[in-house]
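Q: I have a structure open and would like to go through it piece by piece. Can we start with the side chains and then move on from there?

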Amino acid sequence: RCLSDWSSDVCSSDLMEVQSGTGPNYETVAYLPLHWERLPVDAGMPRVWWFTLKVPPATPAGEYVGRVTFQADNVPSASMGVRFWVYPFELAPLRNHFHALYHDYYLFPGGGMDRRVQWQRDAGFNVITTCGNINGLTYRQGAMSRPDFSDWARQLDFYRRNGFPMQLVVSQGALAAAYAATGEYLSEPAFAGAHQVKDHFSAPFQDCYRQLARAISDEFTLKGWPALIFYEDGEAGCEGPRGVRTETHLMRLLHEAGVKNTTSVSGEAALLSLRDSARYMYLTMLSEVKAENINRLRQAGSGFGIYGPGKTRFERGVWFWRTGAMLCSEEGGVAVYGNPYDPFDGARAYDWGDVYPAPDGPAISLHTAGKRAGIDDSRYLYQLEELAIEANRQGSPKLLDAAARARKVLFEIMWGLNVDIGYYETLGQELPGSVLDRLRERVAVEIVRMQSAFKN
């Protein structure tokens with residue numbers, strides 16, 4: 001609610017009453033205290049509050065209603081109704097599918113590294129995309145000094161202590177330090193830095209790069225850190241044939257070092273890159289997602305991820321599931337025009353931003369809330385898939401019937417979607433939130449049926 005010409009502090013109501021049942025006689029089952037701090041509201045400036053309701057595991061299934069009231073001095077209070085449905089199952093965390101957000105900066109400071117990790121955790125991202133600096137590395141006549149991994153340890157500790165899923169790191173790891181240790185590029189004219197496209201590499205750089213990549217991989221295993229996938233030279237495929245040669249060469253070096261690796265294939269060079277690089281890939285990142293490219297990767301024996309699409313609920317959810325990809329990733333950031341809390345006041349009629357400013361550091365925006373809804377959509381779909389697979393494995397007639405019904409629902413959803421992202425060039429062509437809500441409800445009903453079949 002946008003308030004008129006006054007400025008005051010707003011404090012939420014102390015309690016929200018939660019009720020259960022479907023008829024007029026509700027049974028009160030809990031009172032949930034909302035510990036919100038007092039925040040200023042300036043005249044004519046929208047403010048955003050997020051509240052997250054975490055349902056206790058023993059809560060009975062059913063429809064729940066409640067009301068949140070905002071109160072301020074010398075003005076009428078404002079309230080909003082809340083209605084939600086509790087299902088008789090817990091939504092499982094993602095295990096073999098991943099959502100990442102690559103980010104370099106945000107305009108809104110505060111909270112430090114802890115807050116940056118927390119809001120990504122709260123949005124449902126489960127990939128660590130930081131990069132530890134390896135300073136002081138030396139390489140002389142085939143001998144590389146022992147790398148200093150202290151910055152890696154420090155950064156990973158931020159994620160661990162803030163409850164971030166410690167499953168996967170996708171990061172640039174060895175390139176910059178190997179460049180610095182060997183002086184690669186520095187003797188060349190028009191040196192353009194570490195991301196310069198290069199047709200060939202010196203023998204010392206290649207050896208140092210392989211040694212360092214292997215050392216990083218071994219350190220992650222030794223310390224019990226998350227699985228690591230190297231993401232080196234991600235945009236080389238955009239640079240035409242020269243970029244493809246650069247990309248292919250680096251991927252071959254990582255392959256020779258025996259570590260997992262990824263690459264990005266983009267634009268006019270996509271076909272060249274797929275032909276030359278895919279055979280070295282554990283996971284290939286596609287920005288040009290279409291059936292032709294996906295089939296080329298599968299024929300080359302590479303898994304694939306998505307780079308670029310993933311900015312909306314639809315792309316993060318049902319479309320990501322439809323593609324069969326393992327990883328969905330995109331670049332994050334903030335582009336604000338005017339009031340950071342109003343997404344529609346910009347010159348382009350909207351802001352693009354993953355976070356809002358808040359007293360203790362960035363808070364997720366409506367834009368990111370859409371991504372979070374999409375990530376949850378994908379969790380429902382993967383959970384139903386896994387239940388159907390387990391039912392087929394156990395093989396009783398009742399479970400086989402339930403699995404067949406679940407597969408029918410999944411196939412109907414799948415064939416209503418186009419795997420080619422080019423088909424959805426505008427937001428208007430993506431499925432709206434109301435349709436996605438109904439699809440999620442349909443999948444949830446099948447999960448309940450599958451679980452009932454397992455119990456009986």
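Q: How far apart along helix α2 are Asp157 and Arg160, in helical turns?
A: This is a predicted model, and in it Asp157 and Arg160 are three residues apart in helix α2, so they are separated by about one helical turn.

Q: Which other residue forms a salt bridge with Asp157?
A: Asp157 also forms a salt bridge with Arg161, where the closest N and O atoms are 3.6 Å apart. Those two are four residues apart in helix α2, so they too are separated by about one helical turn.

Q: What about Lys223 and Glu219, where do they lie?
A: Both lie in helix α4, four residues apart, which is about one turn of the helix, and their side chains meet in a salt bridge of 2.8 Å, N to O. Lys223 is partly exposed, with a relative accessible area of 46%, whereas Glu219 is buried, with a relative accessible area of 6%.

Q: How many salt bridges are there in the count?
A: The count comes to 29 salt bridges. There is also a network of salt bridges that links Lys311, Arg316, Glu330, Asp354 and Lys371.

Q: Changing topic, how many aromatic pairs does the structure hold?
A: The structure holds 15 aromatic pairs. One of them is formed by Tyr159 and Phe164, which sit edge-to-face, 5.1 Å centre to centre with 85° between the planes. Tyr159 counts as buried at 2% relative accessibility, and Phe164 is buried with a relative accessible area of 3%.

Q: And why is the pair of Phe205 and Tyr209 called stacked?
A: Their ring centres are 5.5 Å apart and their planes are at 20°, so the pair is stacked; the cut-off for that word is planes under 30 degrees apart. Phe205 and Tyr209 are four residues apart in helix α4 (residues 203–223), so about one helical turn separates them. Phe205 is buried at 0% relative accessible area, and Tyr209 is buried at 0% as well. Together with Tyr179 and Phe201, they form one aromatic cluster.

Q: Is strand β5 enclosed or open, and why?
A: Eight of the 11 residues of strand β5 (residues 62–72) are buried, so the strand is largely enclosed by the rest of the structure. Nine bridges join β5 to strand β6 (residues 78–86), and the two run antiparallel, with Thr69 standing opposite Ser79 in β6. The two strands form a hairpin with five residues between them, and Asn74 in the turn has a positive phi of about 65°.

Q: How many disulfides does a search of the whole structure find?
A: The search finds zero disulfides. Of the cysteines, one can look at Cys131, which is partly exposed with a relative accessible area of 31%, and at Cys208, which counts as buried at 0% relative accessibility.

Q: Last one, what pLDDT does the chain average?
A: The chain averages a pLDDT of 81, and 77% of the residues score at least 70. Over residues 1–36, however, the pLDDT is below 50, although this stretch has 92 contacts in the model beyond near neighbours in sequence.

Notes: Residues numbered from 1 in each chain as written. Predicted model: local features only at pLDDT ≥ 70, side-chain atom pairs only at ≥ 80, totals over all residues. Heavy atoms only, no water. Phe/Tyr/Trp six-rings, centres within 6.5 Å; stacked < 30°, edge-to-face > 60°. Buried < 20%, exposed > 50% of the residue type's maximum accessible area, 1.4 Å probe, protein only. pLDDT = per-residue confidence, 0-100. Contact = heavy atoms within 4.5 Å. Pairing = 2+ DSSP bridges. Disulfide = S-S within 2.5 Å. Salt bridge = Lys/Arg side-chain N within 4 Å of Asp/Glu carboxyl O.
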